[in-house]
Amino acid sequence: MSDAGRGILTVVSGFAGSGKGTVMKKLIEGHDNYALSVSVTSRKPRPGEEEGISYFFKTREEFEEMIRRDALLEYAEYVGNYYGTPKDFVFSKMDEGKDVILEIELQGAMQIKKKYPDTLLIFLTPPSADELYKRLKGRGTETDDVIEKRMKRASEEALCIKDYDYLIINDNIDDCTRRVHEAIQTAHHTVGHEMELIKRLKTELIDRV
Ligand code: 5GP
């Protein structure tokens with residue numbers, strides 16, 4: 001473990017169209033204490049996606065083998081494909097003192113919170129449903145039918161926001177990135193993340209009496 005202590009594990013989720021990808025990119029580029037986990041998926045690569053950067057692409061059989069080996073921190077099936085977080089990368093980076101970020105959907109987020117209650121959960125949202133619709137439409141990459149499906153899914157996901165620690169509005173990329181950074185850095189000082197310091201203070205105080 002580094003002198004800075006163990007890093008914070010943060011989950012970032014958000015509606016499709018919340019701009020979470022852009023915010024994560026800014027966060028990583030602007031600070032060197034973060035490591036973004038690269039997930040494993042059984043879905044086929046999209047044009048432009050690279051192995052080991054976008055995802056580690058596996059067959060369903062390979063993915064199921066990883067489940068059997070207990071190599072995943074969490075996994076979920078989303079629109080017919082498996083997605084999961086490799087354990088090794090996350091723990092080794094946290095031990096180096098890096099704050100590790102998982103950009104994952106809700107079911108995975110809930111699994112992580114249950115297994116590792118000290119995890120920080122952040123949900124990103126555009127300021128309104130109208131704005132979400134405008135962003136999805138403005139991308140020009142999806143049909144009206146897909147946009148409607150994503151809006152419907154967003155309305156279901158909205159029911160789970162209450163289980164997150166922070167809800168951050170993405171109305172401006174820089175402001176949103178700063179707020180995410182502040183939330184993670186503040187988490188370093190919660191009692192649950194300061195166990196080493198508490199132990200040291202206790203020993204020092206006992207030695208003095
Ligand atoms: P896409 O296919 O568009 O890349 O991703 C679909 C969804 O899967 C997104 O909401 C994304 O955040 C989520 N996702 C990506 N990686 C993981 C993962 O490792 N675990 C879980 N549970 N969800 C993931």
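Which residue has a backbone N or O atom that lies 3.3 Å from an oxygen atom of the ligand? The residue is E103. The points below set this contact in its surroundings.

1. Basis of the note. The model is predicted, so that local features need pLDDT of at least 70 and side-chain atom pairs count only at pLDDT 80 or more, while totals for chains, interfaces and linings use all residues. Residues are numbered from 1 along each chain as its sequence is written, and side-chain values use heavy atoms, with hydrogens and water left out.

2. Residues around the ligand. There are 14 residues around the ligand, of which S39, R43, Y55, Y83 and E105 come nearest; a residue is near a molecule or strand if one of its heavy atoms lies within 4 Å of it. S39 is placed in the loop between β2 (34–36) and β3 (40–41). Helices (H or I, at least four residues) and strands (E, at least two) are DSSP runs, numbered from the N terminus. S39 is buried because its relative accessible area is 11%; buried means under 20% relative accessible area, exposed over 50%, and partly exposed in between (1.4 Å probe, protein chains only). Not counting residues up to four places away in sequence, S39 touches Y55, F56, G84 and P86, where contact means heavy atoms within 4.5 Å.

3. The largest nonpolar core. This core has 22 residues, and L9, V11, V90, V100, L102 and I112 touch the most other members. Two or more residues each come from β1 (9–14), α3 (87–95), β7 (99–103), α4 (106–115), β8 (120–125), α5 (129–139) and α6 (144–157). A nonpolar core is a set of buried Ala, Val, Leu, Ile, Met, Phe, Trp, Tyr and Cys residues joined through side-chain atoms within 4.5 Å. Leaving out residues up to four places away in sequence, V100 touches I8, L9, T10, A35, S37, V90, K93 and M94.

4. A search of the whole structure finds 0 disulfides, a disulfide being a pair of cysteine sulfur atoms within 2.5 Å.

5. Strand β8 at I122. I122 is found in strand β8 and counts as buried because its relative accessibility is 0%. Not counting residues up to four places away in sequence, I122 touches T10, V11, V12, S13, Y164, Y166, I168, V180, A183 and I184.

6. The loop at F15. F15 lies between β1 and α1 (20–30), and its relative accessible area of 8% is why F15 is buried. Beyond four places in sequence, its contacts are K20, F123, L124, T125, P126, L132, A154, E157, A158 and I161. Of these, L132 is 117 residues apart from F15 in sequence, yet the two are 8.2 Å apart in space, C-alpha to C-alpha.

7. Helix α2 at R60. R60 lies in helix α2 and is partly exposed because its relative accessible area is 31%. A polar contact of 3.0 Å joins the side chains of R60 and E77; such a contact is a pair of N or O atoms within 3.5 Å, and within protein one must be able to donate a hydrogen and the other to accept it, with residues adjacent in sequence counting only if both atoms are side-chain atoms. Leaving aside residues up to four places away in sequence, R60 touches S42, E77, G80, N81 and Y82.

8. R69 lies in the loop between α2 (60–68) and β5 (72–78), and R69 counts as exposed because its relative accessibility is 52%. D70 is found in the loop between α2 and β5, and counts as partly exposed because its relative accessibility is 49%. The phi of D70 is near 60 degrees, a positive value in a residue other than glycine. Most residues other than glycine have a negative phi.
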